[in-house]
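This note is written for a colleague who is meeting the structure for the first time. The points below move from the overall fold to the sheet, the cores and the aromatic contacts.

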Amino acid sequence: MDAMNNSEAPKEALYTDIKSFFDSAPPLTHGPDISRKLNEFIGRNSVSSGKGNRVVCVTSGGTTVPLEQRCVRYIDNFSSGHRGAASTEYLVKAGYSVIFLYRRGTCQPYCRSLPDNPLLECFESINESNIQVCQSHSEAVRRAISEHHAAVAEGLLLKLPFTTIFEYLQILQLIAISLRSLGPSAMFYLAAAVSDFYVPWESMAEHKIQSGSGPLDMRLVQVPKMLSVLRKEWAPTAFCISFKLETDSKILLEKAGMALKKYGMHAVVANELLTRKEEVVVVTSSGMISVHRDNTQSGADVERPLIELLVERHSAYIEASTI
């Protein structure tokens, strides 16, 4: 009895921390509208609709941690969102419908070939009443617009933005519970850089913190690990992929393996900061697979072979689940 109680204690503590996080979080803006969009999107891609597409939630970009309720300052997480945006394109091509949960202002699907400031750099002014696409960017702009509109029009792409850690986790919960009905056909591709620590809303200053008050002493609380509850409670039969980024290659694979076991992931994509665009290692229960960018092809990226591998693994998972 004592052994059972000891093993259950960490689980109970985790659920208590998660409940406390959601109970104290500020209400999600447009929550009912997000739920409506999710239900419509999943309904269009369900078996009953005649499509029966696989649906994947791709998370992308980094979460922020507000330091004030009327936020002026915040702690940010490094992430351009490039991996999530690129992976979304390849997943749509592979026949998936994608819920793209992204940080506002980060890379978007189908826009990777555009300049950094596309609104100004992609157009040129002939005169005050005539503005047209720059010749040098015309092909990229037309392709981005065409592919994006096609994905949205065909019901293959739903984009949901977030900024803070509070928004991200609340929307992720809505998505996970909505995808539960799809069983093993649902997939999570959790590429977002999620904050490890945060300031609880109720202990946060309401107004801008004044610099004249002297040195700032602030206590950060650890963000509850939601991967376990996503796997076991929110969407228990979905295929789940998480990411592990480290700056020290010596501990990367060990920590990825620990995450695989601890959170029950089906795969963990390990990437080192300096080489993340060239190589990743997919860690699974059956071993490790290195995935490299094809340097012989112009414009190639590591996301293409990565998605091909994960789609293959997801297919095997679905097949095994139906036996």
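1. The coordinates discussed throughout come from a predicted model.

2. Overall composition. The protein contains nine helices and 14 strands. Of its 323 residues, 44% are buried. When contacts between residues at least 6 apart in sequence are considered, 70% of them join residues at least 24 apart.

3. The sheet. Eight strands form an open sheet with mixed pairing, in the order β7-β4-β1-β8-β11-β12-β13-β14. Its edges are β7 (157–162) and β14 (287–292), each of which pairs on one side only. From one strand to the next, the twist averages 20 degrees. Within the sheet, β8 (residues 186–190) and β11 pair in the parallel sense, over four bridges. F188 has C240 of β11 as its bridge partner.

4. Helices on the sheet. Helix α2 (residues 31–44) packs on the sheet and touches β1 (54–60), β4 (96–103) and β7; its direction makes about 160 degrees with that of β7. Helix α3 (residues 82–93) also packs on the sheet, where the strands it touches are β1, β4, β7, β8, β11, β12 (267–272) and β13 (279–284). The direction of α3 makes about 170 degrees with that of β4.

5. Nonpolar cores. Which residues have the most contacts inside the largest nonpolar core? They are L160, L169, L172, I175, L179 and F188, in a core of 54 residues. Helix α6 gives the most to this core, with nine residues. For F188, leaving aside neighbours within four places in sequence, the contacts include C57, L172, I175, A176, L179, F239 and C240. A second, separate core has 32 residues, among them V58, L91, I241 and V291.

6. The pair F166 and W201. The model has 10 aromatic pairs. In one of them, the ring centres of F166 and W201 lie 5.8 Å apart and the planes stand at 85 degrees, so the pair is edge-to-face; the cut-off for that class is over 60 degrees.

7. F239 counts as buried, because its relative accessibility is 4% and the limit for a buried residue is under 20%.

8. Further aromatic features. One aromatic cluster is formed by F21, F22, F166, Y198, W201 and W234; both members of the pair in point 6, F166 and W201, therefore belong to the cluster. Elsewhere, the ring of Y102 has the charged end of K159 over it, 5.7 Å from the ring centre.

Methods:
Residues numbered from 1 in each chain as written. Predicted model: local features only at pLDDT ≥ 70, side-chain atom pairs only at ≥ 80, totals over all residues. Heavy atoms only, no water. Phe/Tyr/Trp six-rings, centres within 6.5 Å; stacked < 30°, edge-to-face > 60°. Buried < 20%, exposed > 50% of the residue type's maximum accessible area, 1.4 Å probe, protein only. Lys NZ or Arg CZ within 6 Å of the ring centre and 35° of its normal. Pairing = 2+ DSSP bridges. Helix = DSSP H or I, 4+ residues; strand = E, 2+ residues; numbered from the N terminus. Axes fitted to C-alpha atoms, helices over the stretch in contact; angles between N-to-C directions. Contact = heavy atoms within 4.5 Å. Core = buried A, V, L, I, M, F, W, Y, C linked by side-chain atoms within 4.5 Å.
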